[in-house]
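Subject: Structure handover

Hi,

Here is the structure I promised to pass on. Please open it alongside this note, and my findings follow below.

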Amino acid sequence: MRSPTTKLLSLLLVFIFSISSTVLAHTHEDFLQCLSLQSQNSTSSISKVIYAPNNSSYSSILHFSIQNQRFNTTSTPKPLVIVTPLDESHIQAAISCSKQHGIQIRVRSGGHDYEGLSYVSEIPFIILDLANLRSVTIDVETSTAWVQSGATIGELSYRIAEKSRTLAFPAGLCPTVGVGGHFSGGGYGTLMRKHGLSADNVIDARFMDMNGRILDRKSMGEDLFWAIRGGGGASFGIILEWKIKLVPIPSNVTVFTIHKTVEQNAIKLVHRWQHIAHKLDENLFIRVIISRVNFSQPENKTTQATFNSLYLGGIDELIPLMQQSFPELGLVEQDCTEMSWIESVLYFADYPIGESIDVLLDRTPLVRASFKAKSDYVKEPISETGLKGIWKRFHEKEAQFAQIMTPYGGRMSEIAESAIPFPHRAGNIYKIQNIVYWVEEGAEAAERHIGWMRRLYRYMTPYVSKGPRAAYVNYRDLDIGVNNNGNTSYEQASIWGVKYFKNNFHRLVHVKTKVDPGNFFRHEQSIPPLTSWREKKED
Ligand code: FDA
């Protein structure tokens, strides 16, 4: 039998719950009413693009762009409303009503945030899903383009290829990644050694601030323009559109993929790769992916290194280059395929050679699984013993896992650390992404796999960057520190901020204080404004 105290507590909980549900329902209704009032000033009706939980499309719209299934469970907090704007006046309305009713906005472009920050929040929120705002306008004559944030990088690449075989844009490898988040955090891809990141190639932007004002590079000023190119998404306002500089590309490029298992000397090859990959000709990009193979067959299971490469030129030039710089890999002509740049985009997204480039227009995520990732930067080659220690971990049960090693050098090492907020430049020989996947449902499976990833991260400590142990904001990792829901001190935010942005964190906080002092645009790892006089004085 329950004691009177337990009964009282249960009653109290029911009471609190019913009050908070009523408050939420009111907030929700008031918010909807506000949107419909605002809509009267809009160029097109907003009512068609508001999805409340009782709308039959609410669930499918919410789930469509959820890349990480870890945040697609029944207990994941859901938005009060999803708005899918058709024009910029709808975004203005959503900002204005969210401000009036104290509701948080989560902005979603492609939905690939590793920690689900574009569609999950612990406090009442709406999702502003930009998927309808995805036009791409290419100007071949000036080698520039305007791309709306709701486009995916696959759509962008497709539109470029429609117009030219010799223009390209440096961006990531997964076509369904959204331009909005990707450009806001950096944007690594196969062209980085020659042309840098996506954010390095942004030359203008259209931006909406917390008052619904639309600014371009000139009217926002160089500080804010600097901050939105790599300072992480959703800290300053909403980037509506980006003007980018397209880069020249040969009409034929060459790709190859070579797998080597431990038994085929993989550890020695990776050890060697660490010494040369960042020094290679800047037209040559060779990344390495470590993964386990045949895990379900005890007698055949092993670990392999996959050398996955793009060369900006033909096979005839590549073979002598490889013989000179990395003969140990034993590359021969038969390993290589020449193709157009757009075909190489498909190749790196794992489509079979010959697939139609129309698949780039499909926004459906290529894989849907739960995952946890962590990033690291390497400054000195890891010893063979160190590599063996990492590889041993692939034999553990939870290690449904890949370690992706992306070479530095070339343009990446020429750009100054402070040119944009993304600071990881000269001095790094490669970047690591560790990513563990699982398909089992439930909290227990998640804890097991995440626990495994954290142990690996601890093991890697002596081999990677220190003071700070640097991380890439687009591989968002809430383990490295989070903000409070309300005010967060500079010191608290520095814990994660300095890892993502090094000394640039300081300037980002200054920009934030200027453009959004009330911290309207915020999330667990948004740049905080300096909130108190004490902080300002100490600064
Ligand atoms: P999403 O919509 O989830 O947004 C991410 C963050 O940016 C959120 O905080 C969001 O609120 C904010 N945001 C989005 N649009 C905004 C806007 N218009 N204005 C202001 N804030 C906005 N990275 C890389 O560099 N190279 C790569 O090859 C890959 N590959 C890759 C593959 C896969 C399968 C995944 C899941 C992720 C990657 N990434 C990557 C990481 C990717 O660059 C990163 O997750 C981006 O932030 C994703 O941008 P989305 O717009 O898709 O995400």
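Between which helix and which strand is Ala234 found? Ala234 sits in the loop that runs from helix 8 (222-227) to strand 10 (238-245). Before going on, please keep in mind that this is a predicted model.

I started with Ala234 for its backbone. Its phi is near 65°, a positive value, and Ala234 is not a glycine. Most residues other than glycine have a negative phi, and most peptide bonds are trans. The relative accessible area of Ala234 is 26%, so this residue counts as partly exposed.

Asp350 is another case. Its phi is positive, about 75°, and Asp350 is not a glycine either. Look for Asp350 in the loop between helix 11 (341-348) and strand 16. Asp350 counts as exposed because its relative accessibility is 70%, and the cut-off for exposed is over 50%.

There is also a cis peptide bond. It runs from Gly467 to Pro468, with omega near 5°. Pro468 lies in the loop between helix 14 and helix 15.

**Salt bridges**

How many salt bridges does the structure hold? The count is 29.

Arg217 pairs with Glu222, and their closest N and O atoms are 2.8 Å apart. Arg217 belongs to helix 7 (residues 217-220). Both partners are partly exposed: Arg217 has a relative accessible area of 27%, and Glu222 has 42%. For a sense of scale, take the C-alpha atoms of Arg217 and Asn434. They are separated by 36 Å, and the two residues are 217 apart along the chain.

Asp479 and Lys374 form a salt bridge too, at 2.9 Å from N to O. Lys374 is at 2%, so it counts as buried.

Arg411 and Glu414 make a local bridge, 3.1 Å from N to O. Both lie in helix 13, 3 residues apart, which is about one turn of the helix. Arg411 is partly exposed, with a relative accessible area of 33%. Glu414 has 52%, so it counts as exposed.

Some salt bridges share partners. In this way Arg70, Glu115, Lys372, Lys374, Arg454, Asp477 and Asp479 are joined into one network. The Asp479 and Lys374 bridge described above connects two members of that network.

**Aromatic pairs**

How many aromatic pairs does the count come to? It comes to 22. One of them is Tyr188 with Phe422, an edge-to-face pair. The centres are 5.7 Å apart, and the planes are at 75°. The pair ties together distant parts of the chain, 234 residues apart. Tyr188 is in the loop between helix 5 (179-185) and helix 6 (192-195). Phe422 is in the loop between helix 13 (411-414) and strand 18 (430-438). Tyr188 and Phe422 are both buried.

Phe520 and Phe521 also pair. Their ring centres are 4.9 Å apart and their planes are at 75°, so this pair is edge-to-face. Phe520 and Phe521 are both buried.

Tyr188 and Phe422 turn up again in an aromatic cluster.

**Surface charge**

Which residues gather in a patch of negative charge on the surface? They are Asp281, Asp316, Glu317, Glu333 and Glu338. Of these, Glu333 is in the loop between helix 10 (315-325) and strand 15 (336-339).

Best wishes

Conventions: Residues are numbered from 1 along each chain as its sequence is written. This is a predicted model: local features need pLDDT of at least 70, side-chain atom pairs count only at pLDDT 80 or more; totals for chains, interfaces and linings use all residues. Side-chain values use heavy atoms; hydrogens and water are left out. Patches are made of residues with over 30% relative accessible area and no salt bridge: like charges are joined within 9 Å, nonpolar side chains (Val, Leu, Ile, Met, Phe, Trp, Tyr) within 5 Å. Accessible areas come from the Shrake-Rupley method with a 1.4 Å probe; for residues, only the protein chains shown count as cover. A salt bridge is a side-chain nitrogen of Lys or Arg within 4 Å of a carboxyl oxygen of Asp or Glu. Lys and Arg count as positive and Asp and Glu as negative; His and the chain ends are not counted. The place of a charge is taken as NZ of Lys, CZ of Arg, CG of Asp or CD of Glu. Helices (H or I, at least four residues) and strands (E, at least two) are DSSP runs, numbered from the N terminus. Rings of Phe, Tyr and Trp (its six-membered ring) pair if their centres lie within 6.5 Å; planes under 30 degrees apart count as stacked, over 60 as edge-to-face and the rest as tilted. Buried means under 20% relative accessible area, exposed over 50%, partly exposed in between (1.4 Å probe, protein chains only).
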